[in-house]
Amino acid sequence: MSFLQEIRKNKYLYLLALPGFAFLIVFAYVPLSGHLIAFKKYRLADGLWGSKFVGFDNFKFFFMSADWYKVTFNTAFINGLFLVFGLGIALLLALFLNEIRHALFKRLAQSFIFMPYFISWLVVSMMAFAFLNTTDGIVNRTLEAYGMEKINWYLKADVWPAILTVIYVWKFAGYYSIIFLAAITGISGEYYESARIDGATRFQQIVHITLPLIRSVAIVLGLLGVGRIFYGDFGMIYGIIGDNSALYPTTDVIDTYTYRALRVLSDFSKSSAVILYQSIMGLITIVVFNQIAKKIDKDSGLF
Amino acid sequence: MKKTLAVGLSVLLLMLAVLGCSSKSNNNGSSATNDASGSKAPASGDKLDPVTLKIILPGDRPADMDQVIAEAEKRMADTINVKLNLVFVPWSDLASKTQVMLASGEDVDLIFDAPWLHMEQMIAAGYYEPLEDLLAQYGQDAVTVRSQQMFDANKFQDKIYALPLGNSHLDGRTYVVRKDLREKYGIPPIKSYEELIAFAKKVKENEKSIIPILTSGQPGAKDQSWGAFRSFMTFDPEILRSDAIGQSLILNYKNNDGKVYNLFDQMDPTVWSWIEEARELYKGGLIHPDILAIKDVMSVFESGDVAVLATNSFGVPQQIASSLPKNVPGAEVEAVTFIPLEKGKVTTNFKQANFQAIPKVSKNKERAMMFLNWTAKKENYDLLAYGIEGQDYEAVGDDQYKTLPDSKYGYFPYAWVWNPTLDRLNAGFDPESIEHYKFNANADNLIASKLTGFSFNPEPVANEVSLYSAIEDKYYSSLFNGVTDPTDTWNKLKAEGEGYLKKIQVELQKQIDEFLNK
């Protein structure tokens, strides 16, 4: 059967897929050609093809700096924290929500934990400042009320990965828990019924039925997160930390570092070079973790 | 699977072909319109086709903007027939947003830029159109209202790449001081830096809820770091920023000798004393403890939590003067500056701090210049600078104005129309600030820098500049605001940055020598 026949036979099915294809091509494949900029001395006036080819020159500024491995580590470390705690707590939330039997309370609780997802990072950063600032921050006031020393949070670099993780979990755990909850709802009630007949407790039902059955969802979400582990969330980190140089040692990620280094020079090619670096690192990690996932469970890999 | 892949690939090819064609036809289209309007334009009395100019400005859109635009469009309808699409970009995002606009080739006709933003870099990247021909053809009025020095000194790589905007030859610098607090403690008007610090200490001792000193601790405003800010008011020696790395003092000029001094080679004792003093102030709780984390210092001052704020320009910024009394009843502010009103004391390179440039991608370059030219007429300038007469402002004589209480038209002529000839001063300024403005509007009152007209081309040391900037941003603000230990911070900065900065210094010196030997 030739290619055209296949299309003619299933033309309506292919028609359905067309918007999806178009989306992928326009937003995922065509932009790939933009990586070429990383190897050129891109000038707007010359255009993409007219600009001079310079090989790996654009990568120099990043790898010449003493900080590149540190910001790479920071990025992976902070995103690792986000991934583990974000998904872990979302999973717990989903399990708890699933056990709530009062329908109205369940809805309310769900909406309530989902809400922070809609708050913009700018607002979050102001809330963080209202909590943590030294003069009249809520945290420092509380510390003072209990007779403790005020802490200048905005100078303490060590605690910020933890603070950022708390903020991230607060903002996203509700969102991910909805995905888990959807997976849990999909589990057939018969499993639980027969478990109850066999005398399983609620806790045993969770451990032996719910968790194994949503494992694949958790692995997929985890793998997707791992693929983006070298992309610092610029909106979040720059929104909250801003240009506070005292916090750079632990919170400077690849994206903010690049932004700062190129703010003075505004070089398109150099930032493309960094993005290519992040993409390649992301690709490597996702391939490795996918292999690991497949080793553990044959069917749970992404590809 | 193979089949879907084939379908995908063929669609991809198709898309690429379409994209390729469309971008090509765009280029042709734009050059065609350029030619067309170019040939039509000389007969300036004729009515031209309506054209909408997209103009990028910094700051917030004033509430009355639409009324002013309507009036301006009405006045232009019979001549240059320009419609205005003004896009305001918040100050905090200005550098990144304008850069993305230019880099992505967004269709912009006039854009605000400045050497303290990223002017040299944008010019080096080839985003801006040289203006000589356009000025000669359509910009006669825009040229006459500015002095020749203004154009000569603000060339970049020997060309005029943007219209300089300024009403003075020296940037003012001011400490905004809470007058009500000063009077509360019976302190006479502040005349020296020592008196300013004495006032700050008094506030620290007596006011529990007020922090004496705040200034910007952001790497984007290095000039306002408390210690570095003192360089603007110290004249023995007078230490001037170099042209290579933004507002940083680490490379500097002094004695007007055409040499680049590097603080890594030899620390200037005056600069070191500023750093150490800032450290003492920070440790003593006089400088705001969260200085590095505060993004908008103006609003913190306006809330009444701070007694002294370092700002640019002479006089109290209008925003503070109007909103502070609303937040804190009875609060008053005054401007304190230690820049002398003495002829031949302050050095300047006549560089202006604000510019309007025409991007290469603009399809309406002629019309953009005609618009700039149109703003150089007194009645048009007054409209765009101060709003609608009788509603937003009231003219006071020929060279001053008063903002009316109901005005909803914020002050921003510096962003698009400013020039020394037509500008009016705020009659609400204190007499001393007005004196400063008038004094510095006269070029002869200032020492002309040897490097007047010089601009640095960062291209040969681009890698070093990005590497060094990223390093300096880690330490500069905490160093000059006293947040961390001076010796320790300085040694780290020096250890990491010295090598790169040396290369930048050598390149800068080379370009300066070439400039001076011309």
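In this predicted model, helix α5 of chain A runs over residues 68-99. At 1.5 Å a residue, its 32 residues should span 46 Å.

An α-helix has 3.6 residues a turn, so residues three or four places apart point the same way.

Helix α5(A) packs against α12(A), which covers residues 215-227. The axes lie 10 Å apart, and the angle is about 155°. Angles over 145 degrees count as roughly antiparallel, and α5(A) and α12(A) are therefore roughly antiparallel to each other. Their crossing is right-handed. From α5(A), the contact involves A:Leu83, A:Leu87 and A:Leu91. These meet A:Ala218, A:Leu221, A:Gly222, A:Gly225 and A:Val226 of α12(A). Six residues of this contact are nonpolar and two are polar, with no charged residue.

The contact joins 39 residues of chain A to 42 residues of chain B. On the chain A side, at least two residues each come from α1 (3-9), α2 (11-29), α4 (57-64), α15 (254-263) and α16 (268-296). Helix α15(A) gives the largest share, five residues. By type, the chain A side holds 22 nonpolar, nine polar and eight charged residues.

Note on methods:
Residues are numbered from 1 along each chain as its sequence is written. Chains are lettered from A and ligands numbered from 1 in the order in which they are written. This is a predicted model: local features need pLDDT of at least 70, side-chain atom pairs count only at pLDDT 80 or more; totals for chains, interfaces and linings use all residues. Helices (H or I, at least four residues) and strands (E, at least two) are DSSP runs, numbered from the N terminus. The expected span of a helix is 1.5 Å times one less than its number of residues. Axes are lines fitted to C-alpha atoms, for helices over the stretch in contact, and angles run from 0 to 180 degrees between N-to-C directions. Angles under 35 degrees count as roughly parallel, over 145 as roughly antiparallel, 65 to 115 as roughly perpendicular and the rest as oblique. A crossing is left-handed if the near helix is turned anticlockwise from the far one by less than a right angle, and right-handed if clockwise. Two residues are in contact if their C-beta atoms, placed from the backbone, lie within 7 Å. Ala, Val, Leu, Ile, Met, Phe, Trp, Tyr, Cys and Pro count as nonpolar, Asp, Glu, Lys and Arg as charged, and the others, Gly among them, as polar.
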